[in-house]
Amino acid sequence: THVFLSMIPEMEVDRVKKKGGSKSKRKSKHKQKRSIANLLKQVEGKLDAFQYEEALGLCEEAIARDPSNVKALETAAPILLELGGEEKAYEYLRAAVQLCPESGYSKYMYLGQMCSGDEAVAHIAKGVELMTRLYGKKAGEASSSSAASGEEVTAEKLSNGYCTLAEMYLTDCCFLPDADQKCLESCTKAVSIAPQNPEAHQAMASYLLTKGDLDGAKESLVKCLELWLPHQGAPDAILPPYPARINCAKLLMEMEEMEKTSCILEHLLKEDDEVVEVWYLLGWLSYLNQDMTAAKSYLTEAETLFRKAECDDVGMLEHIQEVLKEVLSCSQENEEGEEQEPAANGEASDQESPDVSSDEMELT
């Protein structure tokens, strides 16, 4: 049981108190709330300056003053996730759900990413439900409600919520009896709500590919790429998130669109050259293209970064090592072949040019 899930009621105060004392207590509570609001306002400034530890300290102070402050709990959790404090973030998010289950969709989306199986789907589905409520309200109601909760729901945000739900049905919960239907429904809603959202078309492409509909998948992925790939190199281009573009490259590779795959991966490497998966995919792509020199370079770097970053994707490391072993073997064979070729040519020359006498030379 998490510490914040069972809030202990305050001791009942002595009822025989002067009226002034009660008023004084109300003032004290009002002052405390105002103080917590000020703390959370300072958190915004710290986050804008990327001072995560300082921001977390302010959140913790607010929670210490009022453990039932939902805004403080919901603000602290993502900061903890950024700093690697998953266990405490989970605790805070569960407490926020217990305290305020029918508003604040973000906590459900975070919990969905932290959980697995049915529990993950339940959290994400609830988050999407709350997003849909906000999005479906009239503009005036939505803006006031969003301002109160600090959460605004745009068409693209709701579309991405359905994309996340579709991904869960496609992966962790693919074993559920209605997973296929739910996944298609989520993809369809994602596209219809925001046709200009590249991630919606990419989600549809993923679904269609699993169904063996290669033509349909390619058509969806073309729509996705048309929305952002031509602007990839522009300084102010609005691109899908980094992880979404990695997944896009994977889909393209699966469809044997090698040139586009390379274009996306090379640009991702320029943005951030410390992402193991990008180096690994470039190495695998080079191997498939029979470029063993490039494959060796990319895969060697991928293995080095993997150990440096202490990644936990054992499957990826095993594949890196397996392909790298084969690449090194091919390189060694090529080198040995190149060394033997001149020697063979030399032997052939000796056989073709036997010793002849001066007389024979003159005859020729």
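Tyr287 is buried, at a relative accessible area of 15%, where buried means under 20% relative accessible area, exposed over 50% and partly exposed in between (1.4 Å probe, protein chains only). Trp284, at 23% relative accessibility, counts as partly exposed. Both residues lie in helix 14, three residues apart, which is about one turn of the helix. Helices (H or I, at least four residues) and strands (E, at least two) are DSSP runs, numbered from the N terminus.

The model is predicted: local features need pLDDT of at least 70 and side-chain atom pairs count only at pLDDT 80 or more, while totals for chains, interfaces and linings use all residues. Residues are numbered from 1 along each chain as its sequence is written, and side-chain values use heavy atoms, with hydrogens and water left out.

**Aromatic pairs**

A search of the whole structure gives three aromatic pairs. Rings of Phe, Tyr and Trp (its six-membered ring) pair if their centres lie within 6.5 Å; planes under 30 degrees apart count as stacked, over 60 as edge-to-face and the rest as tilted.

| Pair | Centre to centre | Angle between planes | Class |
|---|---|---|---|
| Trp279 and Tyr298 | 5.9 Å | 55 degrees | tilted |
| Trp284 and Tyr287 | 5.5 Å | 15 degrees | stacked |

Trp279 in helix 14 and Tyr298 in helix 15 are 19 residues apart, and their pair links distant parts of the chain. Both Trp279 and Tyr298 are buried.

**Overall composition**

The protein has 17 helices and zero strands. Of its 364 residues, 36% are buried. Contact means heavy atoms within 4.5 Å. Among contacts with a separation of 6 or more, 55% are between residues 24 or more positions apart. The protein exposes about 22,100 Å², of which carbon and sulfur atoms supply 50%; accessible areas come from the Shrake-Rupley method with a 1.4 Å probe, and for residues only the protein chains shown count as cover.

**Packing of helices 6 and 8**

Helix 6 (residues 117–136) and helix 8 (residues 155–170) pack at an angle of about 160 degrees, with their axes 10 Å apart. Axes are lines fitted to C-alpha atoms, for helices over the stretch in contact, and angles run from 0 to 180 degrees between N-to-C directions. The two helices are therefore roughly antiparallel (angles under 35 degrees count as roughly parallel, over 145 as roughly antiparallel, 65 to 115 as roughly perpendicular and the rest as oblique). Helix 6 passes helix 8 in a left-handed crossing, meaning that the near helix is turned anticlockwise from the far one by less than a right angle; clockwise would be right-handed. Residues of helix 6 in this contact include Ala120, Ile124, Val128 and Tyr135, and those of helix 8 include Leu158, Gly161, Leu165 and Met168.

**Backbone and surface positions**

Most residues other than glycine have a negative phi. Glu256 has a positive phi of about 65 degrees although it is not a glycine. Glu256 sits in the loop between helix 12 (242–254) and helix 13 (258–271) and is exposed, at 65% relative accessible area. Gln290, also not a glycine, has a positive phi of about 65 degrees. Gln290 belongs to the loop between helix 14 (276–288) and helix 15 (292–309) and is exposed at 60% relative accessibility.

Lys325 lies in helix 16 (residues 314–352) and counts as exposed at 65% relative accessibility. Lys325 and Lys296 are 29 residues apart in sequence, with a C-alpha to C-alpha distance of 9.2 Å.
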